[in-house]
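Please open the structure in a viewer and keep the selection panel at hand.

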Amino acid sequence: MKAVYKRIKETVFQIIEPSKGSMASKIFDLAIIALIIANTVMVIAETFNLPKNVLSAINVFEVISVAVFTVEYLLRVWTADLLYPEANAVKARFKYIFSFMALIDLLAILPFYLPLIFPIDLRILRIMRVVRLFRIFKINRYTKALRLIALVFKNKAAQLVSSVFVVGLLLIIASVLMYNIETEAQPDAFSNAFETMWWAVSTLTTVGYGDVYPITAAGKVLSTIIAFLGIGLVAVPTGIITAGFTEIVGKEEQAKKSEEKLSSQQNQTDCKSYCPYCGHKLD
């Protein structure tokens, strides 16, 4: 009985795990991706004035989708000990439940179940329904390209946080300086440092909406300096991400070349073990 249970569990894990290359796993991945895309389209469609029968059909589709995503989530929790074989069953399940992708899976279905458990105001319910867009992040699990993006952000997290911190610090400094310079000339546009931060963001990112701008000489000089700093500083996270992609792609290519070289050497060794004329194995 335990052997049958273990076999069923391993089969389910082979199907739902994207890294497995079986035909059943590929079909499952494509079906989930199609369902996620369809759900995203439905969320966008709900922003239009649709006939009642169409809205009813969307609600039915929502129930079916939630049922599928719920079953998938439970199956992944059930097979978590196979995903983390180094941990026991309980620790493996807790480790999976609090992983990034598991939290995304939970956020994808939670807005459907919460109103059934807790009495929530309908206005809040409308806001919560937008959380269903988190389902689009589930695609990350099924596509190699998106997994690569997640790996880059994970590997370069420290550098990205540092660069974002520097940009944020510059935003605060620029906002406070500009407030002190322009508040007397434009008390409505630069009423406080927080309101001035909108100008700092549009200037530092070199977007320049033009709705708020300095009119004093000192303000214009500061605005010019911030704009030039923004050209360099805002590009830093982009450079870090680009470097991360280059490193990972380089490592993959190097690993592939090493594997091909090892395979070639193995073939040459095998060839030397056999007679080139009769094909019999040499002693």
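This is a predicted model: local features need pLDDT of at least 70, side-chain atom pairs count only at pLDDT 80 or more; totals for chains, interfaces and linings use all residues.

A crossing of two helices is called left-handed if the near helix is turned anticlockwise from the far one by less than a right angle.

Select residues 23-45, helix α2, together with residues 52-78, helix α3. Their axes lie 11 Å apart and the helices pack at an angle of about 140°. Because angles over 145 degrees are needed for roughly antiparallel, α2 counts as oblique to α3. The crossing in which α2 passes α3 is left-handed.

Next, display the side chains at this contact. From α2, select Phe-28, Ile-32, Leu-35, Ile-36, Ala-38, Asn-39 and Met-42. Coloured by residue class, the contact shows ten nonpolar, two polar and three charged residues.

Now turn to the aromatic rings. The structure contains four aromatic pairs; two of them are visited here.

Select Phe-94 and Phe-98: their ring centres are 6.4 Å apart. The ring planes meet at 10°, so this pair is stacked. Is Phe-98 buried or exposed? Phe-98 has a relative accessible area of 59% and is therefore exposed.

Finally, select Phe-112 and Tyr-113, whose ring centres lie 5.3 Å apart. Here the planes stand at 90°, so the pair is edge-to-face. Phe-112 is partly exposed, at a relative accessible area of 27%, and Tyr-113 is also partly exposed, at 28%.

Methods: Residues are numbered from 1 along each chain as its sequence is written. Side-chain values use heavy atoms; hydrogens and water are left out. Axes are lines fitted to C-alpha atoms, for helices over the stretch in contact, and angles run from 0 to 180 degrees between N-to-C directions. Helices (H or I, at least four residues) and strands (E, at least two) are DSSP runs, numbered from the N terminus. Angles under 35 degrees count as roughly parallel, over 145 as roughly antiparallel, 65 to 115 as roughly perpendicular and the rest as oblique. Contact means heavy atoms within 4.5 Å. Ala, Val, Leu, Ile, Met, Phe, Trp, Tyr, Cys and Pro count as nonpolar, Asp, Glu, Lys and Arg as charged, and the others, Gly among them, as polar. Rings of Phe, Tyr and Trp (its six-membered ring) pair if their centres lie within 6.5 Å; planes under 30 degrees apart count as stacked, over 60 as edge-to-face and the rest as tilted. Buried means under 20% relative accessible area, exposed over 50%, partly exposed in between (1.4 Å probe, protein chains only).
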